[in-house]
Amino acid sequence: MNTKSRVLMIITIAVVLITLALGYLYYTGALKKYLPKKEFKLEEYQYTDTVIYSPKEYVPNLVLVNNEWGIDRDYDSQLEYYRDTDVLMNKYAIEPYGQLSDYIKENLNDKMFVSSTYRSYEDQERVLGEEGEEVAAKPGHSEHQTGLAMDVYVKYHAGMGFIDSEVGKYVNSHCGEYGFIIRYPQGRKDVTGFDYEPWHIRYVGHPHSDIIMSNDLTLEEYLGSFEWFKWYQYGDYIISLQKKSLFEIPAEIADKEIFCSDDNRGDIICWCKIK
Ligand SMILES: [Zn+2]
């Protein structure tokens, strides 16, 4: 082999190796944080008249719990038992979880189990002690304490292996239709603080789950996409980020059912089905 063809061969091997390495990094999501971040914004909703509104009650749907934003030891998780089990969940997540579980049983011929849902502040202290800070959240900073998050599995496929199962694949691409999100998507540790957890689903409800899942967002990015007092439209819904408990709403929704959730960052998100 002459020098020229040897150099050519080395270059070819190098190009192949670099392509493979980049491909692998892209696949694992490690490159995502170096790619330009896409700016997510919902379309603004146009209205003219407003009325003053004060929420009578709040739903827990959009409470943000992460390494930065924590909840108190005595946070009201509104716990109820899931169907005829001893599994405690936030009452708002029970029916949606049941629908997801029923679909799996009826159409995928498998049974999805919950390995962990509600964890108290004290439980989290113990988990942190056992697993360490790399994988476990600090007490008050685990969204399991809200009762809105579940760790799920099927027989033979738990943890990371969940995504290799038919149920895991279904849950990871369709959970938005049931009001759930994959809370820690692949390659988003820079935003969520956690590596990919295909088994950890979090209830946020409609239309938020649909928006987050179809746009490949994290809960952090979704909540960060709203400007105060503006109303945004998504399908049949309008959504707004408000600052205080008394605010102005578009007059045409005054007689409709309006939902409001504390986002745990000091703000309130309100939404309403307009059609
Ligand atoms: Zn979890």
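Helices, of at least four residues, and strands, of at least two, are DSSP runs numbered from the N terminus. The model described here is a predicted one.

**Overall organisation**

The secondary structure of the protein amounts to 7 helices and 13 strands. Along its principal axes, the C-alpha trace spans about 85 × 50 × 40 Å. Of the 275 residues, 32% are buried. Among contacts between residues at least 6 apart in sequence, 68% join residues at least 24 apart.

The domain assignment divides the protein into domain 1 (1-36), domain 2 (40-62 + 223-275) and domain 3 (71-203). The centres of domain 1 and domain 3, taken over C-alpha atoms, are separated by 38 Å.

**An open sheet and its helix**

Strands of a sheet pair through backbone hydrogen bonds, either parallel or antiparallel. In this protein, an open sheet is formed by 4 strands in the order β5-β6-β8-β7, with antiparallel pairing. Because β5 (113-116) and β7 (180-182) stand at the edges with a single partner strand each, one side of each is left without a neighbour in the sheet. On average, neighbouring strands of this sheet are turned by 45° against each other, direction ignored.

Strand β6 (residues 149-153) is joined to strand β8 (residues 200-203) by 3 bridges, and the two run antiparallel. The bridge partner of D151 in β8 is H200. Helix α2 (residues 91-107) packs on the sheet, where it touches β6, β7 and β8. The direction of α2 makes about 125° with that of β8.

**Backbone features in loops**

Most residues other than glycine have a negative phi, and most peptide bonds are trans.

| Residue | Phi | Loop |
|---|---|---|
| N109 | about 55° | between α2 and β5 |

The peptide bond from H206 to P207 is cis, with omega near 0°. P207 lies in the loop between β8 and α6 (208-214).

**An exposed helical residue**

D190 belongs to helix α5 (residues 189-192). This residue counts as exposed, because it has 10 C-beta neighbours inside 10 Å. D190 and Y237 are 47 residues apart along the chain, and their C-alpha atoms are separated by 30 Å.

Notes. Residues are numbered from 1 along each chain as its sequence is written. This is a predicted model: local features need pLDDT of at least 70, side-chain atom pairs count only at pLDDT 80 or more; totals for chains, interfaces and linings use all residues. Two strands pair if DSSP finds at least two bridges between them. Axes are lines fitted to C-alpha atoms, for helices over the stretch in contact, and angles run from 0 to 180 degrees between N-to-C directions. Two residues are in contact if their C-beta atoms, placed from the backbone, lie within 7 Å. Domain bounds come from an automatic or database domain assignment. A residue is buried if 20 or more other C-beta atoms lie within 10 Å of its own, exposed if 12 or fewer, and partly exposed in between; C-beta atoms are placed from the backbone.
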